[in-house]
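Keep the model open as you read.

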Amino acid sequence: MTNISSNAVTAEAEGPLVPTDPTPGPKAKAKPAWMNLNFGPRLWVSLGIIVVIALLAFVGPLLYPYGPDEKVGSLYDAPSAAHWLGTENFGYDVVAVLMASTRNSLINGLLAGTLATVIGVGIGVVAGYIGGWLEELLMGITNIVLAIPSIVILILISMSLQSTDIPFFKGIVGLALVIGITSWPWTARAVRAQASSVSTREHIDVAKLSGARTPGILIRDVLPYLASYVVMAWVLQLASAILAESTLSMLGLGPSGTNSLGMQLHWALAFQSVATGAWWAFLPPTIVLTLISFGLLYLQSSLDEVFNPRLRRGKKKNLAAAAKRREEAARKLEEEMKAPAGVTEVIV
Amino acid sequence: MSDPVFGLPSRRSFLTLSGIAVGGLALAACSGGATSTNTAGTGSSATEKKGIGNNGQVGKGRAGATADSLLIAGFQWGAPATFNPLSPTAAWPASGNVMQIVYESLLRWNILTGEIMPGLAKEYKVDGTNSVTLTLQDGITFSDGSPCTAKDVVATYELGKKNKGISISAFWQLADSIEATDDKTVVIKVNQKSKNVGQVLRTVTETYILPAAVFSAIADDKLPTTVIDKPIGTGPFTLSKADQTQVVLAINENYWGKTFYGGLPVMKQIIHPIFKSNEDGNIKFQAGELDIMQQFVSQIWKMWEGGKPVGTFLKSKPYFVPGSMPMLLMNTTKKGLDNAAVRKAIASAIDYASIADTAMSGYSDAVQASLILPTGAEGKFFNKSDAEANGWKYDAAAAEKILTDAGATKGSDGIYTIDGNRLGPYKLITPTGWTDWNAACEIVAKSLKAIGIDCATNFPQQADCTQAIQGGTFDLACWYVSGVNPATPWARFKDIMSQAEMQPIGKTTFANYGRWENAEVEAMLTEAAQATDDAGKKAAYDKLDALYRKEVPSCPLMYRPDEFYEYNASNFFNWPDENNDYAPPMFRGAGNTWMYKIQKIAG
């Protein structure tokens, strides 16, 4: 009984959803839901970019002969066979520093992005599901935080962290925390809207009637319906956090003695690499930063298409084929509905 | 959050980022092209001319409105607020001891020779440690035509008694009195407690002489705050125009010093454009739109390698004459840093060559274990053999050995502990934006971590940094001490080791920031201050330097030019350089000599 009800709700749900077979006959073998997803070429391209960047960050240092703290030359030595991208302002190999910087920037992005998503989803789900004064309060706080320019908060907190004596807050983890706790509001607002919509659906009533407690309902009956959105939000938060770290570090507010893409740009600017023509100092971190951002944005965009078929794009013939498939499915469904022994009778 | 950068990374922000990358590529391409292909450049080879670009190139002269103007930069960074030389925020060229062009001093210091040269005073006589007598030049007048006499000189120094908040007030710790015995003679009675003639002479070389008629009309408490927009001095130029974009000076055709300097300066105007950053100024300088400037330029040799007629005083590295010595200050009240062995280990752990090579763009030799500059005016006091035998140099293994010999043990975290005190975490501070110093600090922090001392950099705003250093609340700091002047190296020993000026933590001091305590040093400082000949001074400095090397209250990180002296021979030639050394590579003091000797290329 519960299964049938759930299927009915799923079929009726608006917004992003996981397509399910509308006619699960007794003999039909249901495929796992992910196999029904349409992974287009855009997804594979974006994943490819991210994998390449991740390999550069995590596997590259194991293979590259120089370390990021190893002085191998002088100020801005030009690229050579030994040092493919020359040296930066401290005389370290640019490729070695780039790999270390990429790794730290990715770690920072993962930490900050995950933290921001967890906070945002937590606040959004609670506010959207429970409603009432708690929703007003949480959304009030969210709106206040949204109204304050984040760059100001980030700069102020980063400056305070720099002068703290607690080592934990001075590293890349500290910076990630700062970024994470300042970038959750837009996720919270969006999740709240989704959660609010889900909370009015029938399966929630059923869960309540069956005696489920609120935390259980939130985890088992609300969050799964937001999963696709949360994944996309998380991807965007990653990109956003990496850009935020780069901005802060480029302003000289990054963690002391740590390599990151922003710190590379900071020193490249401080030592006038553009004016002296040392392109190898500022271009590689700029390109990697662009690729990370591009890759994640592209991934989010393609995931959006996967989870939300209405946004799916393609060539005209694909669109025509999809329309034909939909027509065919609708026709079959109509025929089945007309059949005397329907299998979708709902017993209450 | 609501900010597009930190909110949802939209396609627009992605496009922006891509644009930056492509723009960067384009810039790099342009820049690279300029440095690699423009060998013909703006100039032509001119071997018969002296004081030209380091590549032997010279420009063809400038046409138009600025043909007769000297374009200068590196002194003024914001809209000029006042030209009152008593104000701490005075604009160029009224700000203290920057250039002798509107205001002038009695004597002029030469950083190359260590000589004190005539200025408004044609001669000076020192009577042991009792007095200094100065005789003024003939016919000195202010730019308003009024005569400048010994009474103006006395009135200028007397201002320091009227208001303790102006820099001249420090003169009265060095002198008991100043008297005008006639219109042209001034006698300074040296303070008989300190008997520090060197510091008196330093003050005389750095103090502008002001018109008594103007400054006597200002209330004592308003002396530093009164806004002056029409400065009246004795110099060869007067203020013509000042706004947020430039300061323009016009020549004073009635300048009193025409005879003394052999004529008027060659330029009719001096224009100081006001830039927002070093970058802007450097681009204009490279293009020949500035003739001379005082700015840090990373890899300046790229300019003459790219065909620009750019020159420096020295033709090979370090290109600039060393004139100051940024120090690593160590707070000896902090656990661990109170141990001389730890301080010596720190001094031995620092990769000085790397600092000179990268942070200082090659503009510094590797430093010696001494508070005396080994070259230039102080070179005669430098004891090289003792510095090498009892000093330190970069040797990480030796640094660790010093620690272990002193009983330090390494913990599981790789950091040493000595007498129960873990060595760190220490915070190494210097003001944010001081690029070369910031980079030097990063190298120091890495060097210390490498031998097991926990250290991280922190770059606060300048005001916060100054407060922490003067108040003694820092751990480690990169900071400046006296550059080369008539009172150094004594003044530098005083800056680092003075017991008389030491203050408890939390109280502001202007010397011995590290609160290093020693019972013997004050007598040694007095002996050095009162020595009247070079032999006596050398003996006193040897003793001070030996104590310094034993105790290591701080250590020098690099040698830096007192001023960055860089010229572009696009419009003028005969700039002073090591092959044409008629004047020192200075803007202040005796640096004014080149204004009378440079020549226009065209016309």
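Leu297(A) is found in helix α14 of chain A, which covers residues 279-307. Helices here are DSSP runs of H or I with at least four residues, strands are runs of E with at least two, and both are numbered from the N terminus. Before going further: this is a predicted model, where local features need pLDDT of at least 70 and side-chain atom pairs count only at pLDDT 80 or more, while totals for chains, interfaces and linings use all residues. Residues are numbered from 1 along each chain as its sequence is written, and chains are lettered from A and ligands numbered from 1 in the order in which they are written.

Why does Leu297(A) count as buried? Because Leu297(A) has 21 C-beta neighbours inside 10 Å. The cut-offs are simple: buried takes 20 or more other C-beta atoms within 10 Å of a residue's own, exposed takes 12 or fewer, and partly exposed is in between, with C-beta atoms placed from the backbone. Leu297(A) and Ala241(A) sit 56 residues apart in sequence, and their C-alpha atoms are 13 Å apart in space.

## The rest of chain A

Chain A has 15 helices and zero strands. Of its 348 residues, 42% are buried. Among contacts in chain A with a separation of 6 or more, 71% are between residues 24 or more positions apart; a contact means C-beta atoms, placed from the backbone, within 7 Å.

An unreviewed UniProt entry lists "transmembrane region" at several stretches of chain A, including 222-244 and 288-307. Those positions are in the numbering used here, feature names are shortened, and such annotations may be inferred rather than shown by experiment. Residues 222-244 of chain A are 100% helix and 0% strand, with end C-alpha atoms 31 Å apart. Residues 288-307 of chain A are also 100% helix and 0% strand, and there the end C-alpha atoms are 28 Å apart.

## Two domains in chain B

Over to chain B, which is divided into domain 1 (80-248) and domain 2 (322-561), with bounds from an automatic or database domain assignment. The centres of domain 1 and domain 2 of chain B, taken over C-alpha atoms, are 33 Å apart. Their contact takes 16 residues from domain 1 of chain B and twelve from domain 2 of chain B. On the domain 1 side, helix α3 of chain B (residues 197-206) gives the most, with five residues. That side divides into five nonpolar, nine polar and two charged residues. In this scheme Ala, Val, Leu, Ile, Met, Phe, Trp, Tyr, Cys and Pro are nonpolar, Asp, Glu, Lys and Arg are charged, and the others, Gly among them, are polar.

## A four-stranded sheet

Chain B has an open antiparallel sheet of four strands in the order β6-β7-β9-β8; strands pair if DSSP finds at least two bridges between them. The edge strands are β6 (121-127) and β8 (175-182) of chain B, each pairing on one side only. Neighbouring strands of this sheet are turned by 15° against each other on average, direction ignored. Axes are lines fitted to C-alpha atoms, for helices over the stretch in contact, and angles run from 0 to 180 degrees between N-to-C directions.

Six bridges join β6(B) to the antiparallel β7(B), residues 131-136. Ala121(B) has Leu136(B) as its bridge partner, and Tyr124(B) has Leu134(B). In the hairpin of β6(B) and β7(B), with three residues between the strands, Gly128(B) takes a positive phi near 50°. Helix α2 of chain B (150-162) lies across β7, β8 and β9 of chain B, running at about 165° to β8(B).

## Another hairpin

β10(B) and β11(B) form a hairpin with three residues between them. Five bridges join these antiparallel strands, residues 237-242 and 246-251 of chain B, and Lys241(B) stands opposite Val248(B). β11(B) also pairs with β12(B), residues 269-273, in the antiparallel sense over five bridges. There, Ala250(B) has Gln269(B) as its bridge partner.

Key
Two residues are in contact if their C-beta atoms, placed from the backbone, lie within 7 Å.
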